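Student: Could you take me on a close look at the aromatic pairs here, and then show me what else surrounds that part of the model?

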Protein chains: 2
Amino acid sequence: MAKVNENFEKLPGSYLFAEIARRTEAFQDANPDAKIIKLGIGDVTQPLVPAVVDAMHEAVDEQRSADTFKGYGPYEGYDFLREAIVENDFKARGVDIAPDEIFVSDGAKSDCGNIGDILSRDNKVAVCDPVYPVYVDSNALEGRAGEYDVDAEEWTNIHYMPTTAENGFCPPIPEGKVDVIYLCSPNNPTGTVLTADQLKAWVDYANENDSLIMFDAAYERFITEPGVPHSIFEVEGAKTCAIEFRSFSKTAGFTGMRCGYTVIPKALVRDGQSLNDLWMRRQSTKFNGASYIIQKGAAAIYTDEGARQVEQALGYYRENARVIKEGLEDAGLQVFGAVNSPYVWCKTPDGMPSWDFFDLLLEKANVVTTPGAGFGPAGEGYIRLTAFGDREATKEAVERIKAVL
Amino acid sequence: MAKVNENFEKLPGSYLFAEIARRTEAFQDANPDAKIIKLGIGDVTQPLVPAVVDAMHEAVDEQRSADTFKGYGPYEGYDFLREAIVENDFKARGVDIAPDEIFVSDGAKSDCGNIGDILSRDNKVAVCDPVYPVYVDSNALEGRAGEYDVDAEEWTNIHYMPTTAENGFCPPIPEGKVDVIYLCSPNNPTGTVLTADQLKAWVDYANENDSLIMFDAAYERFITEPGVPHSIFEVEGAKTCAIEFRSFSKTAGFTGMRCGYTVIPKALVRDGQSLNDLWMRRQSTKFNGASYIIQKGAAAIYTDEGARQVEQALGYYRENARVIKEGLEDAGLQVFGAVNSPYVWCKTPDGMPSWDFFDLLLEKANVVTTPGAGFGPAGEGYIRLTAFGDREATKEAVERIKAVL
């Protein structure tokens, strides 16, 4: 008798965005004239930049003729893209990463989700609370999380690190040993960043304990302040303890195109084995490379013209983040994130529960946000707003929020 | 201390294509004037059809403007593609499959490799011998294969089903129970097909034993003979025991574009759980949908114009297969496959070992093939040739082979 993976049954439902949609729809039905503005979504809205569109047209045209047609590409991505990544995302920042330490894929979510394939089930995993759910759910499916405790909203075998205003949004280093640590900076959902010193403490911990850091840098392009690390490999010692995930989704509007990459240094060895080799073997067994056309589009962001256009597009979202942050602060709210991130993490007034504040903003301002409690217990007392919307709608939403507070 | 997946160390090296490349290169170096023709590769060479190229250009252009820009798509694929699949690949053959039983992905290899995520480690897996290595390697990495026996070239916990000329290339139904059975028809590497009766026997076995059939139909479009099932769901009872993998790679030249799909009927339940639900949860956790542009390209093969063009392109490969088959038969060789497949499976003369025949053809005819032994012990005594090459080169290769035998 075929048996299914017993861990699926343990997973709690993923009700956050479904519940937001349900409440929003119910309100709209009861108030058909209300013009609802959504600042809850994590998806981009601005078009691809011309350099990327042009590059993809060229790549599509190459498929018309046998001379230029592309069949199977390298599992790990085309050299033209890996070399552009190395030059622009690493060498330009003084970080020495080789092209064969880069694995291009169909997106950072796939890599974050699949990376567990190269790890033993017998690892103690640590995550921040609040957290991007993929880290937890993928480990739960692979049997590393233990049992789900409904009351605590926690898995019994996962080590949670509260990251809140009280600790400056820096996950505290555990007293005991953990094996695999997920860090995300700029953080989803809090929008805050880890400094070089904070990352250095984690790198030292990981090297001392032979732990692994899974560093999610999907929002790296939103960093505006000098001195904030864009890559964990800017930190000395990281090459022997860290894997880094990068995405073109928010960098260049690729959420629907699908492209990202993962950096696994050759110096990263555990149990006597090269993790770079293991991931190459995993990808060659269970993946067949990212689409050529999409890789050509991604490479275009590293041309002079593409880079200029992408910076301009990012400026649009950065300005939205500023508008939200300053507006909420004007309204007397305490706001985090936004400066180096498309995410604005806002404390609810007077310790109001997340969902109550969500309802208040929906009903009085007709603005949809995301309740922080949906990202984990330590997200209670916060809401998340995103800078990915239309400028005018964003301004309008902020004015409405100010008017009701 | 972070621990790696202990199963990687058990995997034997995947030396087949590397060894072919090594021998080919050595021969070329020693014989720089030799004009080598490669009939070993499994990659397509003909360009995409105009309807597909045009559709992808349109989709790329939509990304220029915020009004038509596409962000995150559905995890399971866009309705326009799933509905076209249902209409053309299933309804047109009298098979009742619903759009929400279709999961579009970045390729059948990803799905074949990742499907194990929804299964318990505690399943007995059966595969054909010779076999497409992804079925075995992905299960080995997930801990279902036991230990690798170097001498037997087999995993201790996998049930191998020899499929050879002696049994008409129909895998024998096991006497005992197996839980998960991988079947591939038209078969890679043998190019042979399973008839409706043969499939029915497997479906009955699976239903009786609550087993699961993983049916790989990646080469379905190469079927030319009437009466050969294009989908396992043409067989009564399959919806309660089978998952089917489909690919646009060989159908429409998408090896470098990346698109495929998996069919999981809602009626498929094991351990009281819907496998359709489990796969949806798996995909939403570890995958973010296939690229919009590529899905638009794939949908174009179902338009009248696209379908006509794709049939014409497939005709090119089918004719190559015919040229190879008839040429080798003229040379006195015993040949299988080719009629419903791009693969030609050829018995070596006088029981010569695969690698010896490979060397002979390389050295005397300057033609590269794939030794059958590379696909498993029961592939010994065969070579595989593929119909994906250039027509003139294919003809020339066949003439050269005829001249040396």
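Tutor: Happy to! Over all chains of this predicted model, a search of the whole structure turns up 44 aromatic pairs. Let's start with A:F169 and A:Y382: their ring centres are 6.2 Å apart and their planes stand at 70 degrees, so this pair is edge-to-face. The two partners come from distant parts of the chain, 213 residues apart. A:F169 sits in the loop between β6 (158-162) and β7 (180-184) of chain A, while A:Y382 belongs to strand β17 (residues 382-386) of chain A. Both A:F169 and A:Y382 are buried.

A:W345 has a relative accessible area of 0% and A:F375 one of 6%; a residue under 20% counts as buried, so A:W345 is buried, and so is A:F375. Aromatic residues also gather in a group: A:Y219, A:F222, A:Y316, A:Y317, A:Y343 and A:F388 form one cluster.

Now let's step over to chain B, where strand β17 (residues 382-386) holds B:T386. With a relative accessible area of 1%, B:T386 is buried. Setting aside neighbours within four places in sequence, B:T386 touches B:L39, B:G40, B:I41 and B:G42, along with B:I324, B:P342 and B:Y343.

How do the two chains relate? Chain B superposes on chain A by a rotation of 180 degrees with 0.0 Å of shift along the axis, at an RMSD of 0.0 Å. The copies are thus related as by a two-fold rotation axis. In chain B, the residue that comes closest to this axis is B:H57, whose C-alpha is 3.0 Å away. The copies meet through the same surface, because 100% of the interface residues of chain B are interface residues in chain A as well.

The whole structure has 12 cavities of 30 Å³ or more, and the largest cavity holds about 250 Å³. Its lining is made up of 23 residues, and the closest to its centre are A:D117, A:R121, A:E142, B:R121 and B:E142. Sorted by class, the lining of this largest cavity has 11 charged, 7 polar and 5 nonpolar residues.

Technical notes: Residues numbered from 1 in each chain as written. Chains lettered and ligands numbered in written order. Predicted model: local features only at pLDDT ≥ 70, side-chain atom pairs only at ≥ 80, totals over all residues. Heavy atoms only, no water. 1 Å grid on protein atoms, 1.4 Å probe; cavity = no way out; pocket = protein on both sides within 12 Å on 5 of 7 lines; lining within 4 Å. Points joined across faces, edges and corners; volume = space filled by probe spheres on them. Nonpolar A, V, L, I, M, F, W, Y, C, P; charged D, E, K, R; others polar. Helix = DSSP H or I, 4+ residues; strand = E, 2+ residues; numbered from the N terminus. Buried < 20%, exposed > 50% of the residue type's maximum accessible area, 1.4 Å probe, protein only. Contact = heavy atoms within 4.5 Å. Least-squares fit on C-alpha atoms with pLDDT ≥ 70 in both. Phe/Tyr/Trp six-rings, centres within 6.5 Å; stacked < 30°, edge-to-face > 60°.
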